[in-house]
Amino acid sequence: MVAVQTSPNSSPSAEWICCLDKRPSERSGEDVDIILTRLREVKAFQRFPSPLLLQICACAFYECLEKGITLFRQGDIGTSWYAVLSGSLDVKVSETANHQDAVTICTLGIGTAFGESILDNTPRHATIVSRETSELLRIEQREFKSLWEKYRQSLAGLLAPPYGAMESGSNNDRLADKDNMNSDSANKAHNKIPSEKLQRSGKVLRNAILSRAPHMIRDRKYHLKTYRQCCVGTELVDWLVLQSACVLTRSHAVGMWQALLEEGVLNHVDQELGFQDKYLFYRFLDDEEEDTPLPSEEEKRESEEELPETILFLAQIGPDALLRMILRKSPGQRTGDDLEIIYDELLHIKALAHLSNTVKRELASVVIFESHAKAGTVLFNQGEEGTSWYIIQKGSVNVVIYGKGVVCTLHEGDDFGKLALVTDSPRAASIVLREDNCHFLRVDKEDFNRILREVAVVLSQDYGGSTG
């Protein structure tokens, strides 16, 4: 292994590196504080308790690898655990003893960790090669085992099974029919119990409407049928836009109502899954039961006080809900505005950074939203035919190889499934959800071949392929 240490210089970013370059016994309290400030910027460490972070600051080392450096090889006995602070590294696995046969299974990005085989002295499951200049945090075996004994529960969140916590699951959780995946997943989302915060948000908005504009919630007749205690989509959008300057546009307001609709806090009277700025009827969850009492004066007063904060919260989550709603539409139903919203999202996904804007615009018209509720769900199995390419929008997955177990974990912004489409070969690994409620962007094979195949072939030659 060749590691290139970055020399300290006068820039602020090098100060914490200088602290980590000192022997642990020589680090002062100020050194530890400087290292701690840097580590707290890494998302993966933000949930660690302060005592654990402080001990990491006291024992960890800094390591910088240039592009193309092999950190360790499959079969080696490990001596250290690593976390990625910047850059990325490829995970390569060989079915033979020849390292030249290794296939890139996935790429580890910022905030990922690896090397937990040091806990039981098993050989490394894969070869790790820097994909670009990368900064790593390294903890030697003895210190990591000590941290593991004290803070197992906290550290397990960064590790893959068998050390990390993952609920068991079965292929029964897997949705076999891709055409029904969007609607099935969406229905599952609508059947779940709303989160406490969104349930409270719905109650605050309902009480505020009953206080400020009570005519909006009433029985309505349409085509000789009476719908109890309903609101109209256009009126809900009108009302919300007028309540706060943080509601920027009508489509922004649609996204805010959609966030409530996804959780079942607001429902379409015919159970449609997308909120629309049209003459359609919606009902608050509290109005689903007959003879729901009106809010008391005290409840109205509390809702008035909470309304600004509630609208701000919904304004923050509304754009994501709007995007999910648009992505659930079939490609043929997407409007020009829909495509612009999807395109803007694709511009910020790191897995697509190498693609031209023209390709991203084409992808906007074909990319599909897919979600799964339970950890342990198998997205696809090693050896299956490749039918889709995936990008993780939310959550994380484990990459599993027969006989080797979990070789790495992929997180938000990572992609997988490209290799089987480029080479027309079976999936090189299985993909298993590592946590509940994972969201993906999916490009199916026909669209992938039409838009991306030539680009992907070039990339696979440059980098040795990608997961499954």
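**Close-up 1. Val399 and its bridge partner in strand E19.** In this predicted model, Val399 has Ile431 of E19 as its bridge partner. The strands concerned are E16, residues 397-401, and E19, residues 430-433. E16 and E19 run antiparallel and are joined by four bridges.

**Close-up 2. The open sheet that contains E16 and E19**. Four strands, in the order E14-E19-E16-E17, make up this open sheet, and their pairing is antiparallel. Strand E14 (378-380) and strand E17 (405-410) each have a single partner strand and stand at the edges, so one side of each lacks a neighbour in the sheet. On average, and with direction ignored, neighbouring strands are turned by 30 degrees against each other.

**Close-up 3. Helices H10 and H11.** The axes of H10 (residues 336-346) and H11 (residues 357-364) cross at roughly 130 degrees and come within 9 Å. The crossing of H10 past H11 is right-handed. From H10, Leu339, Glu340, Ile342, Tyr343 and Leu346 meet Asn357, Lys360, Arg361, Leu363 and Ala364 of H11. The residues of this contact comprise six nonpolar, three charged and one polar.

**Close-up 4. Helices H6 and H7.** Here the axes of H6 (residues 196-212) and H7 (residues 233-243) come within 12 Å, crossing at roughly 90 degrees. H6 is therefore roughly perpendicular to H7. H6 contributes Leu205, Ala208, Ile209 and Arg212 to the contact, and H7 contributes Leu236, Trp239 and Gln243. By class, five residues of the contact are nonpolar, one is polar and one is charged.

How values were computed
Residues are numbered from 1 along each chain as its sequence is written. This is a predicted model: local features need pLDDT of at least 70, side-chain atom pairs count only at pLDDT 80 or more; totals for chains, interfaces and linings use all residues. Side-chain values use heavy atoms; hydrogens and water are left out. Axes are lines fitted to C-alpha atoms, for helices over the stretch in contact, and angles run from 0 to 180 degrees between N-to-C directions. Helices (H or I, at least four residues) and strands (E, at least two) are DSSP runs, numbered from the N terminus. A crossing is left-handed if the near helix is turned anticlockwise from the far one by less than a right angle, and right-handed if clockwise. Contact means heavy atoms within 4.5 Å. Ala, Val, Leu, Ile, Met, Phe, Trp, Tyr, Cys and Pro count as nonpolar, Asp, Glu, Lys and Arg as charged, and the others, Gly among them, as polar. Angles under 35 degrees count as roughly parallel, over 145 as roughly antiparallel, 65 to 115 as roughly perpendicular and the rest as oblique. Two strands pair if DSSP finds at least two bridges between them.
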